[in-house]
Amino acid sequence: MFQKWNGSSFEQSSLKEIGLRVQLGHSDLKCVCPERGHVDFIVIHVNGIHCINIDFCGCDQCVSHRQQLLCCDWYPATIHFPQTACTRHVLKYFLVMTWSSKVSGHEFYTTLERLTDNVGLNIPNFRHIRMMKQVGIASMEPGALAVQCPACPHPGINLPGDWEQIDVSLKFLYAIFLALDANFCLKNCLRSSEAGDPGLHTGLAYFMPNEPYRAHILNNASQNDISSCSSFKTLAHAETNFSNGLRATGVGLCLCARHKFVRPVGVGDLQKGERYANINYIFFSTIMPLLFLSVVISYDIACQWKLNLLKRRLALPEDIQIPVVTAVAVFLFAVPKFHAPAHEEKCLTPHSLNLMPGVGCTDGEGIKRNWTEMNCVANSTKEMRPGSRHDTLDDHFGHHNWRKLTGLGKSSVALAGIQLTSY
């Protein structure tokens, strides 16, 4: 690409750094009222990927930014507020190339990336950079990059100072509702390795850190938990889920059951079915900062999972073990309402959300609605290498949480309107 002399040697540069500024909307490249384009506007051409300075026309007779780009044979990537454009020449070049050699769009773009920087040091991972900028913190603790639920209780943020001394009859006001589930659509084939493709922020957002999680799974490779609830067969298939050629047969996930925010470090890969070893680690990893008066846990096999849970917690690393007294006092186990009829009556009644005090109208099925959204990326992430897959899924979980965050205000206004109408 471009190089400039710094007085002692040549160093890499770009059209933006050497001062090129393109004015659109005027044939003479002058405008009395220019509008600055995106600070990192990208132009893809046959000789590489370029970052340039660009100004749109802001005169009275100006047309849309999209039309201004098209007038100079630059095809924008988006209709509104474009930040990337492809030149007509590169699109024509790609068509001829793919017609003659059947090259894919990904391979062609990779070629342009290598023409731009064959070392691969100056092509940043945009997902990672955006996530880091969005949080804007210096501390890199596990889960620090996750978008957290603002409606769930957070000591020191949205709880009163004396919340721990509240009367027992009112402790439901400061309860947190969590949902657990596994998804076998988000598989991952054996491609590369974590050493060859490490995640840029694995463990800092939604997926938990690799090393301690892997060590725990290896130490608990065998599982003999048998279901005594004959109407539900998830456990019967825990060891038989197809795993040949797969690094992960799916993912286990924990989110807040009321607002459907994915919990920080609340996602982990499943190696062979829905094993207790995986779910235990996922749950206790994300529950550690949440020592509240009441924790309601919604899980479709809660009636079986809770059996010997306090004994199994001893197999976890010490930093995520919860004292027995605390667990017995605060944990409430429930079965989601849609899954409840599949259970026997003897385990259905004590785990019914309809009969549990303080849970309101919580149905516990929000985690299933979350899978509907995430399954849309299953085909693309299945063939990814491990680090790229974690980064991609983390980004989608973050987008999901961000949409929930920005939508809470609209939901609150709509709910307030319904309540006023009812009143």
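## Helices packed on the sheet

In this predicted model, helix α6, spanning residues 276-287, lies across the strands β9 (176-183), β12 (250-256), β13, β14 and β15. Its direction makes an angle of about 160° with β13. Helix α11 (residues 366-374) also packs on the sheet, where it touches β9, β12 and β13. The direction of α11 stands at about 45° to that of β9.

## The five-stranded sheet

The sheet is open and consists of 5 strands in the order β13-β12-β9-β14-β15, with mixed pairing. From one strand to the next, the twist averages 20°.

In general, the strands of a sheet pair through backbone hydrogen bonds, in either a parallel or an antiparallel manner. Strand β14 (residues 295-299) runs parallel to β15, and 4 bridges join the two. Within this pairing, Ser298 stands opposite Ala334 of β15.

## The crossing of α5 and α6

Helix α6 is also in contact with helix α5 (residues 210-219). The two axes come within 9 Å and cross at roughly 145°, and the crossing is right-handed. On the α5 side, the contact is made by Pro212, Tyr213, His216 and Ile217. The residues contributed by α6 are Ala277, Asn278, Tyr281 and Ile282. By class, the contact of α5 with α6 comprises 6 nonpolar and 2 polar residues, with no charged residues.

Which residues of α5 are buried? They are Tyr213, His216 and Ile217. Viewed down the axis of α5, these buried residues fall within an arc of 100°, and they therefore line one face of the helix. The buried residues of α5 pack against β13 and α6. Tyr213, His216 and Ile217 also belong to the contact with α6 described above.

On the other side of α5, the exposed residues are Glu211, Leu218 and Asn219.

## The chain as a whole

The elements described above belong to a protein chain with 13 helices and 15 strands. Of its 423 residues, 42% count as buried. Among contacts in the protein chain with a separation of 6 or more, 71% are accounted for by residues 24 or more positions apart.

Definitions and conventions:
Residues are numbered from 1 along each chain as its sequence is written. This is a predicted model: local features need pLDDT of at least 70, side-chain atom pairs count only at pLDDT 80 or more; totals for chains, interfaces and linings use all residues. Side-chain values use heavy atoms; hydrogens and water are left out. Two strands pair if DSSP finds at least two bridges between them. Axes are lines fitted to C-alpha atoms, for helices over the stretch in contact, and angles run from 0 to 180 degrees between N-to-C directions. Contact means heavy atoms within 4.5 Å. A crossing is left-handed if the near helix is turned anticlockwise from the far one by less than a right angle, and right-handed if clockwise. Ala, Val, Leu, Ile, Met, Phe, Trp, Tyr, Cys and Pro count as nonpolar, Asp, Glu, Lys and Arg as charged, and the others, Gly among them, as polar. Buried means under 20% relative accessible area, exposed over 50%, partly exposed in between (1.4 Å probe, protein chains only). The arc is that of the directions from the helix axis to the C-beta atoms.
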